Amino acid sequence: MQIRRAGAKGYEEVDGVNIPSAPNQISNGHGDTSSINSHTPEFELASVSVVPDDTFTVAQAVNALGFGWFQVKLSLFVGLCWMSDSMEMTILSVLGPELHCNWGISRYQQALVTTVVFLGMMLSSTFWGSLSDRYGRKPALTLCGILLFLYGLLSAVAPSLGWLLLLRGLVGFAIGCVPQSVTLYAEFLPTKQRGKCVVLLDCFWALGACFEVVLAMAVVPNMGWRWLLGLSAAPLFVFACLTPWLPESARFHVSSGENDKALATLEAIAKDNRRPMLLGRLVVEGTSTTRGSIKALLSSSLRRTTLLLWFIWMSCAFCYYGLVLMSTEIFGNGHKTLVPGVDDCHALATTDYMDLLWTTLAEFPGIFATIYIIERCGRKRTMAFQFLLYAGCVLLITITNERVLLTLILFLGRAVIAGLFQAAYVYTPEVYPTNLRSVGVGGCSSLARLGAMCTPYVAQVLFQVSVGQAVAVYSAFALCASIACIFLPYETRGNDLTQ
């Protein structure tokens with residue numbers, strides 16, 4: 001395989017690539033080279049044993065072209081999508097209490113407002129995964145951005161609880177595609193930078209969550225929750241407008257037999273990163289006729305990995321959103337506003353929003369700590385340790401009523417579970433082959449939504465009855481998930497994405 005630098009006649013050596021050491025030498029396949037007279041018009045090919053080295057894979061190309069401006073641009077595109085998803089999720093911690101006070105809905109109805117979003121996400125995750133594996137990541141994300149903006153905006157003018165539930169369910173259906181942005185992102189990252197960059201992507205999630213809390217603090221007391229829903233849809237409109245500039249996955253093109261399009265994408269990476277483009281023929285490794293098949297996820301070679309990952313993702317979402325919703329319940333209990341016909345109405349005050357903001361900011365140190373640990377201890381050990389640490393944090397909630405101490409405990413717990421969620425996003429695309437990667441991530445995301453659907457009834461309903469019982473449920477799930485991480489059959493640290 002050879003590397004060409006623009007404007008140069010010879011070839012240049014790049015790490016990890018087999019290249020002739022001079023333009024007049026050719027390898028015999030055993031490490032020796034034979035000199036060829038450049039002035040002789042012909043020579044006897046039969047006298048030289050030649051093993052051609054003129055092919056390369058997308059993984060080799062991505063590693064050779066390195067991390068540069070192309071990946072920086074893609075980080076901003078995908079980060080905006082991730083930020084929008086975070087804002088729609090953070091709304092749920094504010095919307096339920098507001099509807100409870102303004103519309104007089106019960107605690108179970110309040111939990112249903114949260115559950116219906118995750119129900120839509122669960123029902124759509126495998127759909128978006130199959131769509132992405134069959135037609136590409138870019139078309140799926142484009143449709144996702146348009147639908148999210150439309151349904152988010154319509155939710156702001158919902159005339160009744162029934163209409164609001166329907167529209168928020170459709171919002172959840174569209175959000176189910178967002179994990180495919182991580183799949184697209186991971187497929188353009190060199191092996192050495194992949195884990196670090198995917199975890200850093202969580203910075204956009206944390207930024208979106210913080211922005212939503214600040215927006216709610218400014219908008220809800222003065223203009224109401226409807227304006228909050230409408231203004232929160234603005235980033236979705238920006239993302240929908242930017243999707244035409246999203247690149248399609250080169251791995252998807254190769255696995256679809258569209259090598260010309262894949263080469264064009266790789267050439268764009270080389271141009272943006274100012275690196276020489278590889279010469280030779282682009283090939284695919286481990287081709288398969290099964291694409292986007294949920295059944296293939298449960299094949300003999302993947303069954304154990306898939307079932308364990310489903311439980312890990314379900315527990316991760318159950319624990320993450322449980323802590324988010326419990327934070328609102330804990331901080332809101334100190335401020336009760338009497339509303340005619342509504343019992344136990346908790347209106348969030350400015351101090352409550354500030355405490356929510358502090359606990360949300362915890363995701364940033366959680367991200368950087370995960371980046372440090374995940375590349376040194378591996379994906380499996382990192383996730384197992386973080387689940388154990390989370391279990392310890394939620395148990396500490398029962399030992400004190402001191403607001404400052406509770407804020408510190410929630411800060412640590414939020415940091416741990418946020419980093420854990422991103423560690424799962426790093427591991428899952430790495431463990432599945434290209435032809436099953438999107439549907440694999442989509443299946444895990446679907447099971448995660450099942451956990452998120454159940455968590456409002458623990459964090460918002462059971463928590464009001466017994467704090468100890470609610471905390472015990474989250475600790476038990478975290479401990480079981482930690483054991484599941486240990487039993488995962490593959491450690492993917494330092495591995496290329498399988499073709």
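Select Trp-82 and Tyr-425: both are buried, a word used for residues with under 20% relative accessible area, while exposed means over 50% and partly exposed lies in between (1.4 Å probe, protein chains only). This is a predicted model, in which local features need pLDDT of at least 70 and side-chain atom pairs count only at pLDDT 80 or more, while totals for chains, interfaces and linings use all residues. Residues are numbered from 1 along each chain as its sequence is written, and side-chain values use heavy atoms, without hydrogens and water.

**Ring pairs**

A search of the whole structure turns up 19 aromatic pairs. Rings of Phe, Tyr and Trp (its six-membered ring) pair if their centres lie within 6.5 Å; planes under 30 degrees apart are stacked, over 60 edge-to-face, and the rest tilted.

How are the rings of Trp-82 and Tyr-425 arranged? They form an edge-to-face pair, 5.1 Å centre to centre, with 85 degrees between the planes. Trp-82 belongs to helix α2 (residues 69-102) and Tyr-425 to helix α17, so this pair ties together parts that are 343 residues apart in sequence. Helices here are DSSP runs (H or I, at least four residues), numbered from the N terminus.

Next, pick Phe-149 and Phe-237. Their ring centres are 5.2 Å apart and their planes at 50 degrees, so the pair is tilted. Phe-149 sits in helix α4 (residues 137-155) and Phe-237 in helix α10 (residues 234-242), so parts 88 residues apart in sequence are tied together. Phe-149 is partly exposed at 24% relative accessibility, and Phe-237 is partly exposed at 44%.

**Along a helix**

Select residues 403-431 to see helix α17. Helix α17 is mostly covered, with 23 of its 29 residues buried.

**Annotated stretches**

An unreviewed UniProt entry annotates several stretches as "transmembrane region", including residues 225-246 and 356-374; such annotations may be inferred rather than shown by experiment. Residues 225-246 are 77% helix and 0% strand, with end C-alpha atoms 33 Å apart. Residues 356-374 are 95% helix and 0% strand, and their end C-alpha atoms are 27 Å apart.

Terms used. Helix = DSSP H or I, 4+ residues; strand = E, 2+ residues; numbered from the N terminus.
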